[in-house]
Amino acid sequence: MTMWSAVIGTGDADEVGALRALDRLARAYWRPLYVFVRQRGLVHEDASDAVQGFFAHLLSKEMLHRVERRETRFRTFLLHCFTNWLISAQRRETAAKRGGNNFHVPLAEFDSESGWIVARETDSPEVAFDRRWAHTIFQRAQERLGLEIASQERADYLRELHRRVFHPGADGPNWAEVAQRFGMSEGAVRKAALELRGRFAGLLRAEVLEVVSDPTEVDAELRYLFELLSSG
């Protein structure tokens, strides 16, 4: 079961689990939503307040009971809800301020403009949202891989492989140099690098799997993710 499927159509008996899953999903989408409203013209402070207020709404029991089983991706559902919430907030002429609700994302994790750098001036707010989503998923998979590497024997060797795989430089990774440095054959180094790529691919797939309503959507979402990353 994906996190998204844990939320969709959840009964009262599973409400706590659904709220926990929705909490994890929402935290993963803080920056994409922030980018979306920044691209619509909000300044940093107003954008942060808008996202914070929306999360308080999204993670409320009232909102949870309104989620229906449907054929939709979580990011599509989330952006639709956020857009509607912004319209309602504008009509009320009020803004949800940080610290004024039961749910609070620790803004020390997010409260900077650095998450906006992936947006381009020519991007629509929707494309900017998707582009930030792709970067977020990629970064979360990288973080998980980094934690795995840190727990392994010869972590220094694996960190060096990771650096060469993901930041190879203009001339590509020099596997002979790595082999000499760590006293291994070049063939063994190349094999380990291939396995590292494969592990990252598995972690990336796992991240995407958590935010789709149907596992059959994963391949299409991965293709779209790489399209966004390569065009950015």
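In the predicted model, helix α8 (residues 155-166) and helix α10 (residues 186-209) approach each other, their axes coming within 10 Å and crossing at roughly 75°. The two helices, α8 and α10, are therefore roughly perpendicular to each other, since angles from 65 to 115 degrees fall in that class. On the α8 side, the contact is made by Y157, L158, L161, H162, V165 and F166. Their partners in α10 are A188, V189, A192, A193, L196, R197 and F200. Sorted by class, the residues in this contact of α8 with α10 comprise 11 nonpolar, one polar and one charged.

Helix α8 also meets helix α7 (residues 125-150), and the axes of this pair come within 9 Å and cross at roughly 155°. An angle over 145 degrees counts as roughly antiparallel, and α7 and α8 are therefore roughly antiparallel to each other. From α7, the residues Q142, L145, I149 and A150 take part, and they meet A155, L158, R159, H162 and F166 in α8. The contact of α7 with α8 contains six nonpolar, two polar and one charged residues. L158, H162 and F166 of α8 are listed in the contact with α10 and also in the contact with α7.

D156 lies in helix α8. With a relative accessible area of 56%, D156 is exposed, the cut-off for this class being over 50%. The side chain of D156 forms a polar contact of 3.1 Å with the side chain of R159, a residue that belongs to the α8 side of the contact with α7. In sequence, D156 and F182 are 26 residues apart, while their C-alpha atoms are 9.5 Å apart in space.

E207 is found in helix α10. Its relative accessibility is 3%, so E207 counts as buried, the limit for that class being under 20%. Beyond its neighbours within four places in sequence, E207 is in contact with I137, R140, A141 and R144. With R144, the side chain of E207 makes a polar contact of 2.8 Å.

The mean pLDDT of the chain is 79, and 73% of its residues reach 70 or more. Over residues 94-112, pLDDT stays under 50. For this stretch, residues 94-112, the model has 40 contacts beyond four places in sequence. Where pLDDT is low, the predicted coordinates should not be read in detail.

Conventions. Residues are numbered from 1 along each chain as its sequence is written. This is a predicted model: local features need pLDDT of at least 70, side-chain atom pairs count only at pLDDT 80 or more; totals for chains, interfaces and linings use all residues. Side-chain values use heavy atoms; hydrogens and water are left out. Axes are lines fitted to C-alpha atoms, for helices over the stretch in contact, and angles run from 0 to 180 degrees between N-to-C directions. Helices (H or I, at least four residues) and strands (E, at least two) are DSSP runs, numbered from the N terminus. Angles under 35 degrees count as roughly parallel, over 145 as roughly antiparallel, 65 to 115 as roughly perpendicular and the rest as oblique. Contact means heavy atoms within 4.5 Å. Ala, Val, Leu, Ile, Met, Phe, Trp, Tyr, Cys and Pro count as nonpolar, Asp, Glu, Lys and Arg as charged, and the others, Gly among them, as polar. Buried means under 20% relative accessible area, exposed over 50%, partly exposed in between (1.4 Å probe, protein chains only). A polar contact is a pair of N or O atoms within 3.5 Å; within protein, one must be able to donate a hydrogen and the other to accept it, and residues adjacent in sequence count only if both atoms are side-chain atoms. pLDDT is the predictor's confidence in each residue, from 0 to 100.
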